[in-house]
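Q: Could you walk me through reading burial and salt bridges in a model like this one?

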Amino acid sequence: MMESEEKRGDKHTREFFTVMKVYINGSMVDEKNAKISVFDHGLLYGDGVFEGIRAYNGKVFKLEEHVDRLFRSAKAIALEIDKTPDQISSAVVDTCNANEINDGYIRLIVTRGVGTLGLNPYLCKESQIVIIASAIQLYPVELYEKGLSIVTVGTMRNHAEAINPRIKSLNYLNNVLAKIEAINSGVMECIMLNPQGYVAEASGDNVFVVRGNTLSTPPSWCGALDGITRATVMDLAVSAGYSVSEDVLTRYDLYTADEVFLTGTAAEIIGVSDIDRRSIGDGRPGPVTLKLGEHFHAFARENGTPIR
Ligand code: PXG
């Protein structure tokens, strides 16, 4: 293999000419050797759980919260992780170190492991743990200034007794189908409603509505993931003097809001310019969105688990 093939040169996502090290079940391997069996039920059935985590300024942001949520997701799908939360956290930090990450995006994945071609998860002998420490840019930078155009889509968020949306599982088809609708409508993101018709969340982000001095976001029972950025923004907003509540929201609440913004580890905080062709506020990210964005970035730079 030629050297240029061996070394991944995606300069948009990672530093040029570095070989990424991927954590697989306790070993750090070169990305070309980072392989999982085709009989892994993560691939065969989307049977597994994951987390998307960010590092800022040499620290892993909200690591404990992410690892806690990973274990809750695993518990909900009866997936045993044969490591403790502390061991998983250390492995995340080690993977950042191995890749000299200061600011980056970490994907932590636990699959059901190798099994048979049948569904039975109890025939899978051991779960597989994978950690990738790299980078992500979800939306073009200018959209953080201009705001994101979004639509509501027909694909509804999973019913809580189908795949509970609080489980961050490897089965993202529900969200992928919503994303396809968004992209086919000429926009990059969408709002999903729950089976009762209430606002749940975006395909990969939580949603907030601002009205005057009040922020509202759907409660998790409406189909929202317990987003870690969501929780951080709620805390920061309270500290900044806003009132914050979890409310049942309809599309009307979105259309008539002063501001709407989305939150997520990958997206961070991004303002919405228009929804279903109704402009939100003056059609640009509003002052509350921008202020909370600043607070978030300042907070994230200063808080987290040190990598080195
Ligand atoms: N809702 C859903 C459905 C998510 O997947 C969030 C909310 C935000 O949660 P955090 O804890 O990150 O604030 C997520 C997480 C993508 C992508 O490519 C997005 C997520 C995960 C993986 C990929 O858009 N978002």
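Q: Is Glu246 buried, partly exposed or exposed?
A: Buried means under 20% relative accessible area, exposed over 50%, and partly exposed in between, with a 1.4 Å probe and protein chains only. At 42%, Glu246 is partly exposed, while Arg230, at 6%, is buried. The model is predicted: local features need pLDDT of at least 70, side-chain atom pairs count only at pLDDT 80 or more, and totals for chains, interfaces and linings use all residues. Residues are numbered from 1 along each chain as its sequence is written, and side-chain values use heavy atoms, leaving out hydrogens and water.

Q: What do the side chains of Arg230 and Glu246 form?
A: Side chains of opposite charge can pair when their charged atoms come close. Here the two meet in a salt bridge, 2.6 Å from N to O (a side-chain nitrogen of Lys or Arg within 4 Å of a carboxyl oxygen of Asp or Glu). Arg230 belongs to helix 7 and Glu246 to strand 12, so the bridge ties together parts 16 residues apart in sequence. Helices (H or I, at least four residues) and strands (E, at least two) are DSSP runs, numbered from the N terminus.

Q: How many salt bridges does the structure hold?
A: There are 10. One of them joins Arg112 to Asp47, with the closest N and O atoms 2.8 Å apart; these residues are 65 apart in the chain. Arg112 is buried at 9%, and Asp47 is buried at 13%.

Q: Which residue partners Glu51?
A: Arg69 does, at 2.7 Å between the closest N and O atoms. Glu51 sits in strand 3 and Arg69 in helix 3, and both are buried.
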